[in-house]
Amino acid sequence: MADDQHKSKRRKTKGDGPVVRIGDKTISLSAYLQPAQPPKKEPTEPKPEQEQPAVEEQAGALKERAREEGPPRQDKRKAARHSRVHPDTPFLKSRRTLPIWDYQDEIRSSLRRDNDVLLIVGETGSGKSTQTPQFLCSEPWCRRKKVRAPSGEVAVGGVIAVTQPRRVAATTLASRVAQEMGTPLGSSREGSVGYSVRFDHNIPKGTKIKFLTEGMLLQELLRDPHLRQYSAVIVDEIHERSVDVDLIAGFLKQILSGDKAGRGGVPLKIVVMSATADVEKIQGFFKPEPPSHSDLDPDSEAAATATPATATATATAEVQFLRIKGRQYPVEIQHTDKPVPDIQEALLKQIFKIHLQEPLPGDILAFLTGQEEIETAQRLIEEYSATLAAGVPKLAVYPLFGQLSMQAQQDAFRPAKNKFTRKVVLATNIAETSVTVPGVRYVVDCGKAKVKQYRSRLGLESLLAKAISKSSAIQRSGRAGREGPGKCYRLYTAQTYDGLRDADLPEILRNDVLGAVLTMKARGIDDVLSFPLLDAPDLESVEKALVQLHFLGALGPDGAITESVGRRLALLPVPAPYGRVLLAAAEPEFDCLPEAVDVIACLTAGENIFLQLRSEDEAAEEVEALRRELYRREGDLLTYLTTAQQCFAIRSAADRAEWCRRRRVSARTMRQALSIRKQLRGLCLKEKLLPALPPDDDDDDDDDSKEEKSSFRPLSPERAAALLRCFLRGFAARCALLAPDASYVTIQGGAGGGGGKHLVAIHPSSVLHGQPKREAIMFLEHVFTQKNYAKKVSAVQADWIVEAMAAGGGG
Ligand SMILES: Nc1ncnc2c1ncn2[C@@H]1O[C@H](COP(=O)(O)OP(=O)(O)O)[C@@H](O)[C@H]1O
Ligand SMILES: [Mg+2]
């Protein structure tokens, strides 16, 4: 206790870190500027989430805070004692102006007693994501309780999970809510808000509200099917209908309708939120089914106190529904008169027009389809900005797309560095919902988005630019009215808008359902076809996924998940085929796990590690020459490995950055890759795939006093072959053989390979492009643009493919 008080004092004196002010808003950048350090273990401190007294106490403090904020106010003295949570008053002022503020009592009471489900629909900006968890975390049902479960005494509840479809939403929301609650992220080990996204966790001690990606919650469900840590799960942005959110909905429905013995009878409250939701469908889905037996464990005292109402009342309850009347600032929408022939050109013109005609301040958010389009536009805008006369404000461009590193994504949320500058954020649809890009007054919407489409007949996934839905268009224009009145320029006609679909197809209906099926299997759902889903994928895709999982060795002949492969794959935070590569690489026969980790780190770090060379780049020749030293005749994967190994062998971060710059290798991506490598290595150690950490596993800092890192040694051809054979364990179906006419033809059968054979060409971005043809190639990605292109290509031998097929039980 004394120790606790001491700590909270220490935190207060530390200051709240760097902040920026926009108008009357103060936004802390601490979470961005000091990326979350995984809390270092201190022997005297228990793990954050197992910390019970703190949570209990925090709950008390929060209750008081809630009282202090709204009427009735009382017992301030007691609140002052619990000084760890104190809402920031400037924030309180702006929070009070949010439309949702007036609904807080209703939100609280909708979940009291036996009501376990609430659906909230409200316009974007009404305050759903930031306020709802704060309203609920002081409720009595939100306290952590010790209860009896079949496995013995357990602690249940105390934390509210809020899921987000994207990492950037989870981290920025956590940062914002942490500020609002007066415990900014990164300023202390303690706090009321945390986040957990893939490869990045920041859960301060005493966390009451945890923002996490849907994928992370699914991971947690695998480890704890009862979600005992949580009192409530808030499923935000359900209308985006990712595969993950559909699975979460299914699991939550099961927890809701199952017996709650695993939670000692304590119900899990569920809040579903969205800007545009199919209310009836969601209400129908979560409507409790009459239980066949009593819901409650009669022995459990907690159950009796937590839910005074009877189980039968629960059974007949309707799903509560609340519509928040929005008060979005007005957004003036302009369509084009005629369809535009060239979107890119129209977009640039529109941005320049806004820049020259509209006063500062007022930043621009433009929606483009993908990374390549964004990078091209960025270059053109920067060139244009350089030509502007001295008296005209400059333009500062920030890209924002999913493949970008977290660091770079967060740059887009900061105000432009220089005064007299207009910020232009060029984003994909990741900025469409949930996030608030401060400063934006103008939105330019190209009307398209790249969607992943799974063509189960081909067994291939492709990214195609497609017209967005009305719902997306509305969301996009809404981004202009977050902080004041705004304007939205749509680069399509009003007629085109009228013809748009109302909403997008749920991802589960257009995507590879591999991960979904694996997750279901790992959760013991044998009959995946009868798992409760808002929309069930077609039989064909499910069957394909089952075949591929069988090929990967994740499912046994009886269709049940295998312990040796399937269960481990489900726990690894990488797509199943990559997970399979890691498992193979750990086998003594191949013994190349550190190398496989390096390659996978590069593959999952974000942007392509090689930046596109510009023709006007003066150093292009020199860059090419330096790059050629990295290229390996085995193909792209080995080239990534060489690049990673050479880059990571450089001791100082500054030298590494210089090394990257000279080769036009993305230093940002390499930093991210290094961080992923570290985490994957740690995970492999934990899962006993690695006996010990490789010798060069030190902190990625500039500690010159360190021993020389193991210097770079190129991989021998035998070891390179072993690595590629490991990759084939995951990707044997993504192979093509050289045909007599010197074209590459995909192999028949195999995992998800579909029935037919198809021609593929090596993409110009591959190091094997334009090289002499080989017997066979393996490609990790496939894009369908003008041609069927294979990307991330390696030369392989036909008998390795045969070997991998045989090992996997497929073929
Ligand atoms: N990171 C942020 N920076 C500045 N303002 C923010 C931030 N996040 C939220 N806000 C403010 O809070 C309001 C409510 O946001 P949010 O709770 O995300 O709304 P909703 O989820 O209903 O779309 C926004 O309109 C904006 O004014
Ligand atoms: Mg939201």
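## Close-up views of a predicted model

**Figure 1. Helix 28 and its surroundings.** As in every view here, what you see is a predicted model. Helix 28 itself covers residues 667-686, 20 residues in total. From its first C-alpha to its last it reaches 29 Å, close to the 28 Å expected at 1.5 Å a residue. Just after helix 28 comes K688, with a positive phi of about 60°.

**Figure 2. Helix 9 against helix 10.** How are two packed helices described? By the angle between their axes and the distance between the axes. Here, helix 9 (residues 214-223) and helix 10 (residues 243-257) have axes that come within 9 Å and cross at roughly 40°. An angle between 35 and 65 degrees counts as oblique, and helix 9 and helix 10 are therefore oblique to each other. Their crossing is left-handed. On the helix 9 side, look for E214, G215, L217, L218 and L221, which meet D244, V245, L247, I248 and F251 of helix 10. Sorted by class, this contact holds 7 nonpolar, 1 polar and 2 charged residues.

**Figure 3. Helix 14 against helix 15.** What is the angle at which helix 14 and helix 15 pack? The angle is about 40°, and the axes of helix 14 and helix 15 (residues 371-386) are 11 Å apart. That makes helix 14 oblique to helix 15. The crossing of this pair is right-handed. Helix 14 brings Q344, L347, L348, I351 and F352 to the contact, where they meet E373, T376, A377, L380, I381 and Y384 of helix 15. These residues divide into 8 nonpolar, 2 polar and 1 charged.

**Figure 4. The cis peptide bond at P361.** Most peptide bonds are trans. The bond from L360 to P361, however, is cis, and its omega is near -5°. To place P361, follow the chain into the loop between helix 14 (343-357) and strand 14 (363-367).

Figure 5. Most residues other than glycine have a negative phi. R113 has a phi near 50°, a positive value in a residue other than glycine. You will find R113 in the loop between helix 6 (104-110) and strand 3 (117-122). Is R113 buried or partly exposed? R113 counts as partly exposed because it has 15 C-beta neighbours inside 10 Å. E237 is not a glycine either, yet its phi is positive, at about 55°. The loop that holds E237 runs between strand 10 (230-235) and helix 10. With 27 other C-beta atoms within 10 Å, E237 is buried.

**Figure 6. The protein chain as a whole, for orientation.** How many helices and strands does the protein chain have? Its secondary structure comes to 30 helices and 25 strands. Of the 811 residues in the protein chain, 50% are buried. Among contacts between residues at least 6 apart in sequence, 73% join residues at least 24 apart.

Conventions: Residues are numbered from 1 along each chain as its sequence is written. Chains are lettered from A and ligands numbered from 1 in the order in which they are written. This is a predicted model: local features need pLDDT of at least 70, side-chain atom pairs count only at pLDDT 80 or more; totals for chains, interfaces and linings use all residues. Axes are lines fitted to C-alpha atoms, for helices over the stretch in contact, and angles run from 0 to 180 degrees between N-to-C directions. Helices (H or I, at least four residues) and strands (E, at least two) are DSSP runs, numbered from the N terminus. Angles under 35 degrees count as roughly parallel, over 145 as roughly antiparallel, 65 to 115 as roughly perpendicular and the rest as oblique. A crossing is left-handed if the near helix is turned anticlockwise from the far one by less than a right angle, and right-handed if clockwise. Two residues are in contact if their C-beta atoms, placed from the backbone, lie within 7 Å. Ala, Val, Leu, Ile, Met, Phe, Trp, Tyr, Cys and Pro count as nonpolar, Asp, Glu, Lys and Arg as charged, and the others, Gly among them, as polar. The expected span of a helix is 1.5 Å times one less than its number of residues. A residue is buried if 20 or more other C-beta atoms lie within 10 Å of its own, exposed if 12 or fewer, and partly exposed in between; C-beta atoms are placed from the backbone.
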